[in-house]
Amino acid sequence: MELPAPLRQGVDSLLEKVPLATLRQAAKTLSERYRAELRDGRLHMGEDMAVKAYLATRLPATYAAVRASLEALTEARPGFRPASLLDIGAGPGTMLWATLDAWPELERAVLVEASAAVRKTGQSLAQGAIATRTEWIAGDATIDLDGIEPADLVSAAYVLDEIAPLSLPKLTDRLWRLTADTLLIVEPGTPAGWQRVLAARQQLIAAGAHILAPCPHRSPCPLAPPDWCHFARRVARSRLHRLVKEAEVPWEDEKFIYLAASRQPAPARPARVIAPAKGGSGKVVLKLCRPDGSAGEQLFSKRDGELFKAARRADWGDTV
């Protein structure tokens, strides 16, 4: 999954004159902060060079995760056509670009982002490339959401991991109150990210939300540590990406977990593949999360006919 051409061109233009050594050091610092999930009062992308490092090394992967999450949402609710987007912790506009790729008819978007450097970059990337009426708001996700109007689609991607744990229930409540139709949360595909999504899931169900994806049910999650639910998207690395990260492999796998919850009743949902498929001669084993609230591996063989053919085509994250 690649960045939209106008976004890719805009990123290339912003990075073309940045010294490689400077970009490499900034990327290393940014990566260390993300991996440690630091909450030291400083913004991960408070400075211009940190934003450029993000564009070079993280944007393609986070875009792929967000776009894949939106694909799962559209599969669960084919008739959903949001006219408005409210994105909390918007970064450089990743969710806006992905949402427009899914729904080009989006009429308006409000993007809340605390970092002035990120907002400036996001506005620069969108200028002349995005016609949707867009408003950027300077704001902290935990304290600056008063006065904002609800939207059809509300999103928070790679945001909960930057919030103090004690503040998460209040933020989840605010996100849901701002949701006119559907809320989408995307987090890193780590055990900690899964736990944050599980907590939000439980809170949203208690508030009356209907779970659209990835779960095919509203029962308690059937997985138990050290297992955890997450998905992955393979992302091609650009030449600059490889140079900055000093990587030899031309791709990377972005692991993520997401949750789509709606005020509209969820239609019946099929089982979802929650791990890479395991194949063999004339057989395939899929780990499934099922509509009845259970999870486990299921063997499909040639004797299953068309069901086997569908299982053999299924990828991690697909429904079957």
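**Entry: the second largest pocket.** I am working from a predicted model. I sorted the lining of the second largest pocket by class and got ten nonpolar, two polar and five charged residues. The volume of this pocket comes to about 340 Å³. There are 17 lining residues, and the closest to the pocket centre are Leu-3, Arg-8, Pro-60, Ala-236 and Ser-238. I then looked up which elements give two or more residues to this lining: helix 1 (5–15), helix 3 (48–57), strand 7 (231–236) and helix 9 (239–245). Helix 1 has the largest share, with four residues.

**Entry: the cavity.** I searched for cavities of 30 Å³ or more and found one. Helix 8 and strand 8 are the elements that give two or more residues here, and helix 8 gives the largest share, four residues. How does this lining divide by class? I get 15 nonpolar residues, one polar and one charged.

**Entry: aromatic pairs.** I count four aromatic pairs in the structure. One of them joins Phe-80 and Trp-103 edge-to-face, with 5.5 Å centre to centre and 80° between the planes. I checked where the two partners sit: Phe-80 is in the loop between helix 4 (59–76) and strand 1 (84–88), and Trp-103 is in the loop between helix 5 (94–102) and strand 2 (108–113), so this pair links parts of the chain 23 residues apart. Are these two residues buried or exposed? Phe-80 has 4% relative accessibility, so I call Phe-80 buried. Trp-103 has 2%, so Trp-103 is buried too.

Next I looked at Phe-231 and Phe-256. Their ring centres are 6.3 Å apart and their planes meet at 45°, so I filed the pair as tilted. Phe-231 belongs to strand 7 and Phe-256 to strand 8 (residues 251–262), so the pair ties together parts 25 residues apart in sequence. Phe-231 is buried at 3% relative accessibility, and Phe-256 is buried at 1%. I also followed the ring pairs onward, and they link Phe-231, Phe-256 and Tyr-258 into a cluster.

**Entry: charges over rings.** I found the charged end of Arg-234 over the ring of Trp-251, 3.4 Å from the ring centre. The charged end of Arg-263 sits over the ring of Trp-176, 4.1 Å from the centre of that ring.

**Entry: helix 7.** Trp-176 took me to helix 7 (residues 168–177), where the buried residues are Leu-168, Leu-171, Thr-172, Arg-174, Leu-175 and Trp-176. What covers them? My list includes strand 1, strand 4 (151–157), strand 5 (179–188), helix 8 (191–206) and strand 8. I kept a reminder beside this entry: an α-helix has 3.6 residues a turn, so residues three or four places apart point the same way.

**Entry: Arg-218.** I placed Arg-218 in the loop between strand 6 (210–213) and strand 7. Its relative accessible area is 46%, so I noted Arg-218 as partly exposed, the class between 20% and 50%. Leaving aside neighbours within four places in sequence, I see Arg-218 in contact with Arg-201, Ile-205 and Ala-209. I also looked up Pro-291, which is 73 residues from Arg-218 along the chain: the C-alpha atoms of the two are separated by 8.7 Å.

Conventions
Residues are numbered from 1 along each chain as its sequence is written. This is a predicted model: local features need pLDDT of at least 70, side-chain atom pairs count only at pLDDT 80 or more; totals for chains, interfaces and linings use all residues. Side-chain values use heavy atoms; hydrogens and water are left out. On a 1 Å grid over the protein atoms alone, a cavity is a set of points where a 1.4 Å probe fits but cannot get out, and a pocket is an open set with protein on both sides within 12 Å along at least five of seven lines; lining residues have an atom within 4 Å of a point. Grid points are joined across faces, edges and corners, and a volume is the space filled by probe spheres set on the points. Ala, Val, Leu, Ile, Met, Phe, Trp, Tyr, Cys and Pro count as nonpolar, Asp, Glu, Lys and Arg as charged, and the others, Gly among them, as polar. Rings of Phe, Tyr and Trp (its six-membered ring) pair if their centres lie within 6.5 Å; planes under 30 degrees apart count as stacked, over 60 as edge-to-face and the rest as tilted. Buried means under 20% relative accessible area, exposed over 50%, partly exposed in between (1.4 Å probe, protein chains only). A charge sits over a ring if NZ of Lys or CZ of Arg is within 6 Å of the ring centre and within 35 degrees of the ring normal. Contact means heavy atoms within 4.5 Å.
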